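Student: Could you walk me through reading a structure like this one?
Tutor: Gladly; let's look together.

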Amino acid sequence: MLRQSLIDYGKPLQATEAATPAPQGTEVLLRVSHCGVCHSDLHLQDGYFDLGGGQKLDVRGNRPLPFTFGHEIAGTVEAVGPQAQGIAAGKRYAAYPWIGCGKCGLCARGDEHMCNAPRALGVTVDGGYATHTMVPHPRYLLDVEGIAPEIAGPLMCSGLTGYGAVKKAIPYLRAGPLLIVGLGGVGMMGLQFARALTDQPVFAADIDVAKREAAIRLGAVEAFDPADAGARKAIVKASGGGVGAAVDFAGSDKSLAFAQATVAKGGAAIVVGLFGGSFTLPVPMFPLRALTVMGSYVGSTAEAREMIDLVKAGRIAPIPVETRPLDQTSRSLDDLRQGRIVGRVVITP
Ligand SMILES: [Zn+2]
Ligand SMILES: [Zn+2]
């Protein structure tokens, strides 16, 4: 099989070749048709996340090099192991990439995406910037018949991240409406899932006027510019005393400071974005405002299935996608890093 692999951190990906493995046990071999290029691949390529204040989180792990990234995978089943049941060869699936050890308490309760010994496709084990990828069990394959193949992979990352975060916000909406902060690809997905999951008004905030206009077209009742000094007050007024939940899809010091300041008593700020920075708030504000600040990281296999059902029901607008061949993977990461990509780039190995 052909792959585009990391040879060394901070360096471009290179073409590598390996024997195509035969599935053992419950394994399923996918012939990759599409694999989305994701911003988190840039951190993995660098080998660290910026935590702000000059601090870096090392994310090199014990990854064997060469390593193949790519966690937004869709493809067709090429071969199944002797114990892989209920999977039809030749059928189209998206691969749920956030796979855990399968043995710990988190995995047992269905939260494999939070497992401390992950086997995440394209993150801790080889992924989809390749002609083939191995999925350890049929339960990680989602039937995506009826969904455009080029968006099926990205749904497992940006889609699931948006869905998982908005689901956490729903119980807090008894305190007020919902605010989506940061309208990049994930935020736009979150906005649309929010429209499908709640009747509460959904507000949006982004510094980019084009994104604010797009948010209105996707059903936000009002969109605000966080750089505007009056924005916080305007949101508190428009929401009748503050929002029940603000979901921060940017995840910077500035965006979280803004998002939490719009939250009503008893509400929540939910951090999703990984932009970086650090955040302080006087400790008494937590009890005095009955404030919850929480993080959300992708979503579970159960949430992935719920989300796919919403997409199949036509609740999500088409995502603009550009497809590129496998040998353009490294160039695509560079383009993403330089902000030269509008919409999504999906590799077609
Ligand atoms: Zn991703
Ligand atoms: Zn586990």
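Student: What is the strand order of the open sheet of 6 strands?
Tutor: Strands are DSSP runs of E with at least two residues, helices runs of H or I with at least four, both numbered from the N terminus. Two strands pair if DSSP finds at least two bridges between them. Here the order is β12-β11-β10-β13-β14-β15, with parallel pairing. At the edges, β12 (222–224) and β15 (292–295) each pair on one side only.

Before we go on, this is a predicted model: local features need pLDDT of at least 70, side-chain atom pairs count only at pLDDT 80 or more, and totals for chains, interfaces and linings use all residues. Residues are numbered from 1 along each chain as its sequence is written, chains are lettered from A and ligands numbered from 1 in the order written, and side-chain values use heavy atoms, leaving out hydrogens and water.

Student: How many bridges join β10 to β13?
Tutor: There are 4, between residues 178–181 and 243–248; V181 stands opposite D248 in β13.

Student: Are C38 and H71 buried or exposed?
Tutor: Buried means under 20% relative accessible area, exposed over 50%, partly exposed in between (1.4 Å probe, protein chains only). Both C38 and H71 are buried.
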